[in-house]
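Here is a short briefing to read alongside the structure. The points are grouped by topic.

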Amino acid sequence: MSTVNPTYTGHKEQSATKSKSNRMPFVLQVTTLAWRSLVVNFRTPGAILPPLILGGFFLIIYEAQLGNASNFFLSGTSYINFILPLSIISSALSGAGVAGQSIVRDIESGYFDKLLLTPISRIALILGPTLAGAVILAIQATFIVIVGLFLGVEPATGVFGLFTVIAYAMLLGLSFAGFTIGIALFSGNAGATQGGSFLFFPLTFLTATFVPINLLDGWIKVAAQINPITYILDAMRSVMIDGWVTETLLIGLLACAVMGISTFGFSMVGLRSRTARK
Amino acid sequence: MSNREIIASNLVKRYGDFTAVNGVSFKVQSGEVFGFLGPNGAGKSTTVNMLTTLGIPTDGTATVGGYDVIKNAGDVRRVAGVALQEIGLDPIMKSMELLTIQGQTFGMSRKQARQRAEELLELVKLSEFKDRRVGNYSGGMRRRLDLALALVHEPEILFLDEPTTGLDPASRRDVWQEVRRLNRSRGMTIFLTTQYLEEADELADRIAIIDRGEIVAEGKPADLKAEVGGEAINVTFHDIDDVESAKSELHGMVDRIQVDRQTLRLYLSNAAASVPKVVQKLQSAGIELETLTLTQPTLDDVFLKVTGQRYDADGETIEAELHAV
């Protein structure tokens with residue numbers, strides 16, 4: 001101990017703010033990181049606005065082009081009720097890239113390493129931006145619902161049905177966000193993350209996209225049956241058209257859970273891979 | 001006083017076939033400023049990554065503040081503050097926001113974290129810029145904010161990875177001053193990596209020199225320099241052809257000669273008293289001198305002695321001719 005500085009006089013300058021516990025509650029870790037991610041995203045609206053506009057645009061186009069053709073399978077309800085959930089899911093797909101891009105930006109700026117050096121939970125590092133992505137998606141879904149209301153949306157379950165649709169969109173957003181965050185952590189690259197996000201794109205079309213699943217046939221029907229998005233879409237459509245169908249809603253929730261757990265696991269593997277490379 | 005030691009035992013880090021750090025061992029005492037010196041690519045930052053839990057060692061062990069960097073990574077993060085070589089700041093955020101979040105991650109309430117942020121902004125002279133986005137800060141301001149972030153939780157051990165690289169001389173002196181203050185007033189153990197010999201000499205109680213992933217020298221700067229020898233005579237010639245002739249002439253008079261382009265560096269005991277003899281010898285051989293100076297040994301000499309190469313911060317290998325006679 002010969003080199004201990006002789007002028008050391010103890011913690012004279014200890015701040016009054018020194019924390020005793022040095023541990024932030026887990027829920028607060030997630031919400032703090034989510035808040036920070038939201039702040040950053042709202043300060044760079046360029047990433048949020050295009051999916052927002054795109055979702056509303058799709059809704060208007062689908063309604064205009066397919067509205068009249070739908071009479072043969074939609075008895076007594078308008079096509080806008082049927083297609084609104086698809087517009088929201090399409091928007092979710094493009095909006096989910098926001099979460100991955102947030103992580104890439106943090107990796108590139110070095111701030112991600114700064115967070116890794118704090119005692120914050122690794123799970124919170126993933127869940128924070130994931131939650132932020134879901135919140136952004138809920139905002140986008142709300143916007144599309146408002147556009148839908150102008151186009152004549154009349155859900156069978158009333159205003160609570162619309163909230164349910166937005167809630168399902170949020171759950172789906174969590175899954176998509178987890179996937180893009182995983183790609184971001186594996187690649188650390190904005191282009192790869194953007195490209196990786198579009199791996200989800202076929203999933204929104206390999207489903208009962210424009211017509212109910214019972215009108216599909218052959219390979220596309222098989223694809224739709226094994227695609228979890230089909231069941232989420234079914235749940236959202238059921239509250240718009242049929243009313244509260246418990247079984248359909250539960251299956252939709254299960255599909256959300258399966259996708260969410262899978263993509264969260266994928267993002268955790270991505271995080272492990274990133275730290276192992278250091 | 002709590003355990004503020006850093007102990008590395010045979011740390012190894014491999015990336016595929018490339019070994020970045022090869023069996024590095026050292027012990028940093030509590031309250032010590034330890035300089036970890038080496039050219040670019042020598043393995044300094046990789047070692048810091050492992051000690052700060054950012055990277056996982058391929059082999060070997062290390063403890064920071066008594067905590068194992070693998071088994072007790074969370075505890076290491078709580079006792080250590082880290083300012084990495086790459087300044088990790090989100091350009092979209094404001095300094096006040098970043099410091100507040102940092103404080104919260106270490107368990108402070110939002111109010112406490114904001115109060116601490118105010119203290120630190122005052123300390124690093126950024127109070128008037130606290131509501132400006134970090135992306136608009138100069139390099140020096142960003143470096144100061146990064147240091148403040150490392151200090152938020154009042155760490156007992158501070159890792160500074162090349163804290164002055166890219167800074168202007170005035171900002172560099174500010175950082176030096178702050179390092180000394182933190183060490184003296186708080187007894188903080190400081191692990192400082194640098195590529196500047198002068199910086200290590202100025203700040204460190206002890207240094208270790210790392211080259212190509214291995215520690216090649218360790219000790220107090222004064223002791224390491226003393227091992228190299230006493231004063232040296234530097235003789236520079238107008239004509240590069242005279243260098244060889246002068247070397248032959250002076251061969252028997254000195255302990256060691258180093259040739260560096262048009263300069264001969266002569267290591268001999270009692271160098272000052274030997275100056276007249278050296279001048280006389282060269283003049284009588286008809287060799288014209290350009291300059292002659294007396295210098296104390298530097299860490300550059302230490303590096304040359306242990307690696308056989310002149311020190312170059314950019315990591316380029318510059319072979320110097322070293323003659324023991």
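Predicted model: local features only at pLDDT ≥ 70, side-chain atom pairs only at ≥ 80, totals over all residues.

The residues in question are B:A113, B:R116, B:A117, B:L120 and B:L121. They lie on the same side of α4(B), because they cover an arc of only 140 degrees around the axis.

**Helix α4 of chain B**

- The helix runs over residues 110-123 and has 14 residues.
- From first C-alpha to last, α4 of chain B reaches 20 Å, close to the 20 Å expected at 1.5 Å a residue.
- B:K111 and B:E122 are exposed on the other side of α4(B).
- Just after α4(B) comes B:K125, with a positive phi of about 60 degrees.

**Aromatic pairs**

- Over all chains, the count of aromatic pairs is nine.
- One of them joins A:F179 and A:F266. The two rings are stacked, with 5.4 Å centre to centre and 20 degrees between the planes.
- A:F179 belongs to helix α6 (residues 158-187) of chain A, and A:F266 to helix α11 (residues 246-276) of chain A, so the pair ties together parts that are 87 residues apart in sequence.
- A:F179 counts as buried, because its relative accessibility of 14% is under the 20% cut-off.
- A:F266 has a relative accessible area of 27% and is partly exposed.
- In chain B, ring pairs link B:F26, B:F34, B:F36, B:F159 and B:F191 into a cluster.

**Charges over rings**

- In chain A, the charged end of A:R237 sits over the ring of A:F82, at 3.7 Å from the ring centre.
- Another charge over a ring involves both chains: the charged end of B:R110 sits over the ring of A:W35, 5.7 Å from its centre.

**Confidence in chain A**

- Chain A has a mean pLDDT of 81. A pLDDT of 70 or more is reached by 87% of its residues.
- Which stretch of chain A has a pLDDT below 50? Residues 1-21 do.
- Beyond near neighbours in sequence, residues 1-21 of chain A still have 47 contacts in the model.

Technical notes: Residues numbered from 1 in each chain as written. Chains lettered and ligands numbered in written order. Heavy atoms only, no water. pLDDT = per-residue confidence, 0-100. Contact = heavy atoms within 4.5 Å. Phe/Tyr/Trp six-rings, centres within 6.5 Å; stacked < 30°, edge-to-face > 60°. Helix = DSSP H or I, 4+ residues; strand = E, 2+ residues; numbered from the N terminus. Buried < 20%, exposed > 50% of the residue type's maximum accessible area, 1.4 Å probe, protein only. Lys NZ or Arg CZ within 6 Å of the ring centre and 35° of its normal. Expected span 1.5 Å × (residues − 1). Arc of directions from axis to C-beta.
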